[in-house]
Amino acid sequence: LLSGRETVGSSNMEKDVSLTFHQQLLLISDNLVTEDVAALKFLCMDLLQLSKLEGVKSAADIFQHLMAQDYLNAEDTFLIAELLYRIKCHSLLEKLGYTKEKVQEHLHEKGRISPYRQMLYELSENITNEMLKEIIFLLEKHLPKRWITPSALDLLTLLEKQGLLTEDNVQILRCVCETVSPDLLETIDCYEKAKGEKFVVYIFSPPDVQTAAKLLKKFGVLPSFCPKMHKKRCVLLSAEQEGTPVDGVFYFNPRLELNTWNLKFCYKMDGPHRGFCLIINNVNFNSSQRKGSCKDVEQLERVFTWLGLDVMTYTDLASGDIIKLMQTWQHVQDHKDRNCFICCVLSHGKSGAIYGTDDKLVSIRVLTSHFTANQCPQLAAKPKLFFIQACQGNNIQRPVYVDTDGPTPDSSSVQDRVSLSESIPEEADFLLGMATVDGCVSFRHIEEGSWYIQALCRKLQLLVPRGEDILSILTQVNEDVAKRVSPSGTKKQMPQPAYTLRRKFIFPIPLAPPPS
């Protein structure tokens, strides 16, 4: 009799759990709009048959198909959490007991959406309506004659159906993106690099295999210590019994090889906290407004938060307030537990200086000198990076849609030039990244943000996961910005870094995917 009661009780409990689970899925489905359902269908194309997906009307239909294929059940809801994370519906994660950070933490081991599918979806998110029209025009001969203008996801799905686009062949995408928007190529490049850059580097014997793995993890090369085979950058083959490694083989991105085995030439980045990142965003001046600068701030905040820094943003500071802010951060005791310090200044400027919103100049040398070893002992021997988005001259007429980050030109004045090397302290461990060379303007799109900051954020997201050091990244930023031209077709820009770094500065590879 007791056994019978236990069986009935257990059965009722299972029914309750199942009912609660289905209620959760229905609630999530009710909060997803048509575009979200289309995104879910696309992301599940490698998991479910296309014929089943074509009949889907709601997210609940997709969830039902996933449960039928044993991808989803009340005990394991991670796939739904991953899908919601991919389509950026982070607020719905709490319905399943997840947070954005918790999903990011487990993606590398439990994620089911392939890098190929992620790449295509990311591309679709960055293709504007105008770009889509141009792509459809270029691919006209491959499309049905009476085809209603589709979404980017519809177009990609059709190309896959026709066999023109596969996991191993994305050439057709590369061709159209190169014509329509070269910036989209970075997403494709990142996918192809990650797909093709695995090879055997070294063979260790116990206990060295575990020691080496921990060392690589410590310096941010391995995202985690993996006793089992791993799909991503690094793999450790071990014995069948988990946690008892035998002769092992590491596979990882060949670009990381020098950085991995010459760690003594890199700044230490293994402290309990990465560091502080200050952003000074001067938008509103007495006679002008730096439109588009908030777009730069948004990208900087996302990228440096992704890189593990504590980001603090300050808006519209007068010259005196800027100096007071530097003095405040100069004396912050928490620097001693951080690996580095970063400061980004977005403002108008002149040679060797930036403007406060009161139109008074602050020397860049004054900014950086607050953080020398004598002035800020907590940051002694640690890298200090300053990125300045501001003009260093004012003799270029502003074209339509592009503002110069400098005051209205005064042809009667003669500007004193300040050498870039004079803007950083003579002591070691400083880097100054300038948006432009001395005497020249820097450009900022009034909607998309500045050329320099947007390129910096793109290259950090692309190259940090490949283990590139900051100077290599800034070299590619130079190349990216130098290729751009103003709408008039006559204005160019060339960024310029200066540094007294003694070692390579390499950001540890974040566990989470890049934010955009």
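Tutor: In this predicted model, arginine 338 pairs with aspartate 310 in a salt bridge, their closest N and O atoms lying 2.9 Å apart. Arginine 338 belongs to strand β6 (residues 338-346) and aspartate 310 to strand β5 (residues 310-315), so the bridge ties together parts that are 28 residues apart in sequence. Arginine 338 is buried, because its relative accessible area of 9% falls under 20%. Aspartate 310 counts as partly exposed, at 29% relative accessibility.

The whole structure holds 13 salt bridges. One of them joins glutamate 186 and lysine 459, with 3.3 Å from N to O. This pair links distant parts of the chain, 273 residues apart: glutamate 186 sits in helix α11 (residues 185-196) and lysine 459 in helix α17 (residues 451-463). Both glutamate 186 and lysine 459 are buried.

Another salt bridge connects arginine 86 with glutamate 82, where the closest N and O atoms are 3.3 Å apart. Here both residues lie in helix α5 (residues 78-86), four residues apart, about one turn of the helix. Arginine 86 is buried at 13% relative accessible area, and glutamate 82 is buried at 0%.

Some charged residues lie elsewhere. Lys88, Lys100, Lys295 and Arg302 form a positive surface patch. Of these, lysine 100 is located in helix α6 (residues 100-110) and is partly exposed, with a relative accessible area of 35%.

Note on methods
Residues are numbered from 1 along each chain as its sequence is written. This is a predicted model: local features need pLDDT of at least 70, side-chain atom pairs count only at pLDDT 80 or more; totals for chains, interfaces and linings use all residues. Side-chain values use heavy atoms; hydrogens and water are left out. Patches are made of residues with over 30% relative accessible area and no salt bridge: like charges are joined within 9 Å, nonpolar side chains (Val, Leu, Ile, Met, Phe, Trp, Tyr) within 5 Å. Accessible areas come from the Shrake-Rupley method with a 1.4 Å probe; for residues, only the protein chains shown count as cover. A salt bridge is a side-chain nitrogen of Lys or Arg within 4 Å of a carboxyl oxygen of Asp or Glu. Lys and Arg count as positive and Asp and Glu as negative; His and the chain ends are not counted. The place of a charge is taken as NZ of Lys, CZ of Arg, CG of Asp or CD of Glu. Helices (H or I, at least four residues) and strands (E, at least two) are DSSP runs, numbered from the N terminus. Buried means under 20% relative accessible area, exposed over 50%, partly exposed in between (1.4 Å probe, protein chains only).
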